Amino acid sequence: EALKKTLSLPLLSAPVGDTLRLRTILEAIQKHIHSSSLIFKLAQDAFKIATPTDSSTDSTLLNVALELGLQVMRMTLSTLNWRRREMVRWLVTCATEVGVQALVSILQSWYTLFTPTEATSIVAATAVSHTTILRLSLDYPQREELASCARTLALQCAMKDPQSCALSALTLCEKDHIAFEAAYQIAIDAAAGGMTHSQLFTIARYMELRGYPLRAFKLASLAMSHLNLAYNQDTHPAINDVLWACALSHSLGKNELAALIPLVVKSVHCATVLSDILRRCTVTAPGLAGIPGRRSSGKLMSTDKAPLRQLLDATINAYINTTHSRLTHISPRHYGEFIEFLSKARETFLLPQDGHLQFAQFIDNLKQIYKGKKKLMLLVRERFG
């Protein structure tokens, strides 16, 4: 604390332009102070004094602030520090005040200063933001140089940590076709290992939003293969993603829907979700996404024919399995709810031609197997005969 006072006083009251004295003080700080939060505090103080609101900037002191900030970044990079986000944001602000070359320099040497997530989501995103461009009143070549550095950084970070950086990389590379392709490829390659279904669905939705429905479909298909919804997970957060993916494939056309359905059947064992998908696929004709050169047949799809037949069979099986699972541990207070569940199951059973026979058979089986549950079977008879 005493050392901090002795160093910070001359540092912050050094006569403007006394470069040599500032250098000496800076070296002393770098040699003797080993606590990062202390150096960060000094850097912030130096920055405040170097950039007064009422007079011109003291560029020498401003550079000292930046150098101290860079030192703090290097010191805290591998130790988790709860103030990291604040420090990173401050450093970018400081570099922006110093000028465009300082920004370029921290973008180019990001790996010695930041984690991939910090580099993409805070540093690069701020460097290419509208605010920064206005603050520095950059001309076109300078803007291009910054953007190009940000794209290079984005691709490096996405390679290093695709889970956290693939989406940021796509966003940062949006305006450059080649870089955007490279970022997309990194996301696809990473899908095989390490990416979760929710990360893949997020990137897939982003692709659709950007007008790449076929790429969105490819990523959504990869996401589906990472997913497993059990019979009782009817409130799982991924359900919205599954419904979205099915709607997307349906809007692209029969081929895409036919490619997605086997993945859905393999990953989703929840009857209510499957019946919801089935219902949505039968109310409108596939192929309404308006892809140039594609025509919608305008015909509704039949549940008796492929590809919906496979989905129908899986849905009916899921209802049968869930019914047995629920009946093994059912208590009387859930009887009413169970009868409603069977009514929902009946809607699906009745979709194919011979559906009413199949449902009657199913109810008869239940009456046989669970005849010990007299009260419940009475309720089943009342509702379903």
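Predicted model: local features only at pLDDT ≥ 70, side-chain atom pairs only at ≥ 80, totals over all residues.

Colleague: What do the buried residues of H7 pack against?

Modeller: They pack against helices H5 (84-98), H6 (100-108), H8 (130-135), H9 (140-160) and H10 (162-172). The buried residues of H7 (residues 116-127) include Pro116, Ile122, Val123 and Ala127.

Colleague: Why is serine 36 called buried?

Modeller: Buried means under 20% relative accessible area, exposed means over 50%, and partly exposed is in between, with a 1.4 Å probe and protein chains only. Serine 36 comes out at 14%, so it counts as buried. It sits in helix H3 (residues 36-50) and touches Val72, Met75, Thr76 and Asn81, leaving aside residues up to four places away in sequence.

Colleague: And threonine 76, what makes that one buried?

Modeller: Its relative accessible area is 2%, so the buried label applies. Threonine 76 lies in helix H4 (residues 59-76), and with residues up to four places away again not counted, it touches Ser36, Asn81, Arg84 and Met87.

Colleague: Which label does glutamate 337 get, and why?

Modeller: Glutamate 337 has 48% relative accessibility, so it is partly exposed. You'll find it in helix H18 (residues 335-349).

Colleague: What makes its pairing with arginine 326 a polar contact?

Modeller: The two side chains come to 3.3 Å. A polar contact is a pair of N or O atoms within 3.5 Å; within protein, one must be able to donate a hydrogen and the other to accept it, and residues adjacent in sequence count only if both atoms are side-chain atoms. The glutamate 337 and arginine 326 side chains make such a contact.

Colleague: How do you know what length to expect for H18?

Modeller: The expected span is 1.5 Å times one less than the number of residues. H18 has 15 residues and reaches 21 Å from its first C-alpha to its last, close to the 21 Å expected. Cover for the buried residues of H18 includes helices H16 (271-283), H17 (308-328), H19 (355-369) and H20 (374-384).

Colleague: Why is H12 called roughly antiparallel to H13?

Modeller: The axes of H12 (residues 197-209) and H13 (residues 213-224) come within 8 Å and cross at roughly 170 degrees. That crossing makes the two roughly antiparallel. Axes are lines fitted to C-alpha atoms, for helices over the stretch in contact, with angles from 0 to 180 degrees between N-to-C directions. Under 35 degrees is roughly parallel, over 145 roughly antiparallel, 65 to 115 roughly perpendicular, and the rest oblique.

Colleague: What about serine 137: buried or exposed?

Modeller: Serine 137 counts as exposed because its relative accessibility is 61%. It is in the loop between H8 and H9.

Notes
Residues numbered from 1 in each chain as written. Heavy atoms only, no water. Helix = DSSP H or I, 4+ residues; strand = E, 2+ residues; numbered from the N terminus. Contact = heavy atoms within 4.5 Å.
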